[in-house]
Amino acid sequence: EHAQSPLTALLTTGDNFYPRGRVVEAYLQDLPPVPLYPAFGNHDAPNLEAQLRRFGLERPHYRVRFGGLEVFVLYTEGDLRTQRAWLEEALQSSTAPLKALLLHRPLYSSGLDHHYERLEVQGLLHVVTGGGGAGLYRTRPPLPWSRALAVAHHALFLEVGREGLLGYALDPQGKLLDRFLI
């Protein structure tokens, strides 16, 4: 799929190792050989320190830059007040033209977050990408801000280009679930 434009990195939205966050190297060996930048969720919390060591991170909130895109990762199971102060400083010092916030728990969602959804709220794009492998959940009727919604396993791809940030979600068979450009 990405032979002409290889993957630069993989990012996760948390719950990296079910059920209690114990690192399973065999799962990691099945992934493409690119850097992995995880967010951490409630299922990661019992073994958060082991995961931080495995991924070479000092803390569960951090920032990483890919060309014109800078990603700010927050730990929604932790002290959000401290992280908010860190995020405000980090955003002010960022020179990236494109910025993304990566969270385990979305700010807006039409369901229990094990689905795909793209929303536009007050001029900001929000993407729920919770169909990475665990069980899927039915959703409520779409929120007024919802622009795309699918209860399906999927992967979200982001590509930084001259036009901006292209995002698209594919199901395991390669079917396009959604596509957007910022």
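These questions and answers cover salt bridges in a predicted model.

User: How many salt bridges does a search of the whole structure find?
Analyst: The search finds six.

User: Why is the contact between Arg63 and Glu70 called a salt bridge?
Analyst: The closest N and O atoms of Arg63 and Glu70 are 2.6 Å apart. The cut-off is within 4 Å, so the pair qualifies.

User: What makes Glu70 buried or exposed?
Analyst: Glu70 has a relative accessible area of 5%. Buried means under 20%, so Glu70 is buried.

User: Why do Glu77 and Arg105 count as a salt bridge?
Analyst: Their side chains meet at 2.7 Å, N to O. The limit is 4 Å, so the term applies.

User: Which parts of the chain does the pair of Glu77 and Arg105 link?
Analyst: The pair links distant parts, 28 residues apart. Glu77 is in the loop between β4 and α3. Arg105 is in the loop between β5 and β6.

User: Where do Glu88 and Arg84 lie?
Analyst: Both are in helix α3, four residues apart, about one turn of the helix.

User: How do you know whether Arg84 is buried or exposed?
Analyst: Arg84 has 57% relative accessibility. Exposed means over 50%, so Arg84 is exposed. Glu88, at 42%, is partly exposed.

User: Which residues are linked in a network of salt bridges?
Analyst: Arg118, Glu120 and Asp178 are linked in this way.

How values were computed
Residues numbered from 1 in each chain as written. Predicted model: local features only at pLDDT ≥ 70, side-chain atom pairs only at ≥ 80, totals over all residues. Heavy atoms only, no water. Buried < 20%, exposed > 50% of the residue type's maximum accessible area, 1.4 Å probe, protein only. Helix = DSSP H or I, 4+ residues; strand = E, 2+ residues; numbered from the N terminus.
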